[in-house]
Amino acid sequence: MTNRIVPLTYDVAALEESVQRVRRDVSGVPTLGIIAGSGIASTFDDCTHTRIPYRELPLLPQSTVPGHRNELLLALLDSRAVLIFAGRFHLYEGYSPADIALPVVLMHALGIPRVLLTNAAGGLNPMLQVGDLVLSRSLVNMTFCSLAHDQLQPALELDNHWQRETLSAAAHEGLCLHKGTYVAVHGPSYETRAEVRFYRM
């Protein structure tokens with residue numbers, strides 16, 4: 001199977017306007033950017049002090065999925081400024097991989113050095129419980145779409161020094177953080193029983 005390659009393109013003027021809009025309310029460079037999955041943005045309500053609607057950021061599309069607020073949040077976590085995208089975009093909404101990557105493009109333009117991607121996902125491991133935290137160590141791309149690269153590169157692997165630091169920090173705090181493989185599918189429909197068995201294998 002060959003992935004359908006989609007070039008990473010964006011409107012430079014829309015990017016610059018979006019950067020300027022963020023900088024009006026956000027001084028300095030946040031230490032981390034978070035793209036929040038479904039329902040996860042509410043976790044940051046108590047520490048959020050700035051909200052920018054996506055409609056004021058011309059680079060970004062609008063999410064049509066419940067649980068995605070279409071807001072950019074600035075929060076303080078452990079006295080550190082963090083930028084949170086409360087709403088992301090999906091292939092099944094009709095967006096391309098390039099559209100989905102636009103929050104990362106904006107963070108790069110703002111100089112944010114680290115990105116954390118979160119997701120509320122179903123678990124295939126029968127040992128997992130609802131609400132368990134899982135760190136994705138690798139992924140299986142079942143969307144058959146990917147972003148184009150200038151040259152052929154190895155398949156994306158998520159295992160890196162930041163992941164090892166995350167596992168170490170979780171252990172230090174006494175958090176149970178499982179390790180797993182993320183299976184990327186289009187959605188929004190649930191998988192058939194046969195697909196679940198296939199992915200579990």
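The predicted model contains an open sheet of five strands in the order E3-E4-E5-E2-E6, with mixed pairing; strands (E, at least two residues) and helices (H or I, at least four) are DSSP runs numbered from the N terminus, and two strands pair if DSSP finds at least two bridges between them. Strand E3 (48-53) and strand E6 (115-117) form the edges, each pairing on one side only. From one strand to the next, the twist averages 20 degrees. E4 and E5 run antiparallel and are joined by seven bridges; Leu-76 stands opposite Ala-81 in E5. Residues are numbered from 1 along each chain as its sequence is written.

Helix H1 lies across E3 and E4 and runs at about 155 degrees to E3. Axes are lines fitted to C-alpha atoms, for helices over the stretch in contact (heavy atoms within 4.5 Å), and angles run from 0 to 180 degrees between N-to-C directions.

The largest nonpolar core has 23 residues, and Leu-72 and Phe-85 have the most contacts inside it. Such a core is a set of buried Ala, Val, Leu, Ile, Met, Phe, Trp, Tyr and Cys residues joined through side-chain atoms within 4.5 Å, where buried means under 20% relative accessible area (1.4 Å probe, protein chains only). At least two residues each come from helix H1 (12-25), strand E4 (71-77), strand E5 (80-86) and helix H3 (102-110), with H3 supplying the largest share, five residues. A second, separate core of eleven residues includes Ile-34, Ala-36, Ala-41 and Leu-73.

Local features need pLDDT of at least 70, side-chain atom pairs count only at pLDDT 80 or more, and totals for chains, interfaces and linings use all residues; side-chain values use heavy atoms, with hydrogens and water left out.

Terms used: Buried means under 20% relative accessible area, exposed over 50%, partly exposed in between (1.4 Å probe, protein chains only).
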